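Please read it alongside the sequence and the coordinates.

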Amino acid sequence: MLSYLLLFASGFLAATLFPASSEVLLLTLYHQGYQPVLLWLVASFGNTLGSCVNWWLGSRLRQFSAKRWFPFSAKSLARAERLFQRFGLLSLLFAWLPIVGDPLTLVAGVLRVRFSLFLALVLLGKAARYALLLSVAAHWY
């Protein structure tokens with residue numbers, strides 16, 4: 001049970017803006033004989049919940065846009081919104097990507113992407129990534 005909790009926490013932390021990774025722990029637990037479906041569920045939900053925190057932070061961040069310390073200028077915010085609209089909401093399927101994924105979820109909050117749609121797309125992308133990792137691990141060893 002503790003291992004699953006650690007995997008959840010690892011997935012959660014890896015999805016926030018903190019530099020972390022959950023893949024090594026996921027694959028280690030898989031090779032130790034833990035249940036693949038449960039590993040997949042725990043990692044997917046932990047990682048998705050971390051992205052939800054980013055969305056929430058982004059949604060709250062916009063209220064400070066008039067402050068001098070606000071990290072985005074009005075011009076850069078408008079540019080981010082145009083890029084997000086250009087690539088579409090489906091870009092959230094790639095929220096699992098290193099470097100760009102975590103800021104993408106934050107920007108989705110700043111741009112007020114509807115949470116239910118955000119959640120569905122991010123969960124789908126992250127669950128597919130973990131399923132692929134476990135599938136490769138099953139066939140590799």
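## A buried serine and its surroundings

Ser51 is found in helix H3, which covers residues 36–61, where helices (H or I, at least four residues) and strands (E, at least two) are DSSP runs numbered from the N terminus. This is a predicted model, in which local features need pLDDT of at least 70 and side-chain atom pairs count only at pLDDT 80 or more, while totals for chains, interfaces and linings use all residues. Residues are numbered from 1 along each chain as its sequence is written, and side-chain values use heavy atoms, with hydrogens and water left out.

With a relative accessible area of 0%, Ser51 is buried (buried means under 20% relative accessible area, exposed over 50%, and partly exposed in between, with a 1.4 Å probe and protein chains only). Apart from neighbours within four places in sequence, Ser51 is in contact with Ala15, Thr105, Phe118, Val122 and Lys126, contact meaning heavy atoms within 4.5 Å.

The protein chain as a whole has six helices and zero strands, and 38% of its 141 residues count as buried. Among the contacts in the protein chain with a separation of 6 or more, 75% join residues 24 or more positions apart. Along the principal axes, the C-alpha atoms fill a box of roughly 50 × 30 × 25 Å.

## Nonpolar cores

A nonpolar core is a set of buried Ala, Val, Leu, Ile, Met, Phe, Trp, Tyr and Cys residues joined through side-chain atoms within 4.5 Å. The largest has 12 residues, including Cys52, Trp55, Ala95, Phe118 and Val122. Helices H3, H5 and H6 each supply at least two residues of this core, and H6 gives the most, with three. A second, separate core has 11 residues, among them Leu7, Leu26, Tyr130 and Ala137. Ala95, a member of the largest core, touches Gly101, Asp102, Leu104, Thr105, Val122 and Lys126, residues up to four places away in sequence not being counted.

## The salt bridge

A search of the whole structure finds one salt bridge, defined as a side-chain nitrogen of Lys or Arg within 4 Å of a carboxyl oxygen of Asp or Glu. Its partners are Arg129 and Glu23, whose closest N and O atoms are 2.8 Å apart. Arg129 lies in helix H6 and Glu23 in helix H2 (residues 23–31), so the pair ties together parts that are 106 residues apart in sequence. Arg129 is buried at 11% relative accessible area, whereas Glu23, at 24%, counts as partly exposed.

## Two pockets

On a 1 Å grid over the protein atoms alone, a pocket is an open set of points where a 1.4 Å probe fits, with protein on both sides within 12 Å along at least five of seven lines, and lining residues have an atom within 4 Å of a point. A volume is the space filled by probe spheres set on the points.

| Pocket | Volume | Lining by class |
|---|---|---|
| Largest | about 300 Å³ | 14 nonpolar, five polar, four charged |

Of the 23 residues that line the largest pocket, Ala14, Ala20, Trp96, Leu97 and Pro98 are the closest to its centre. The second largest pocket is lined by residues including Phe84, Leu97 and Leu104, and helices H4 (74–87) and H5 each supply at least two residues of that lining.

Definitions and conventions:
Nonpolar A, V, L, I, M, F, W, Y, C, P; charged D, E, K, R; others polar.
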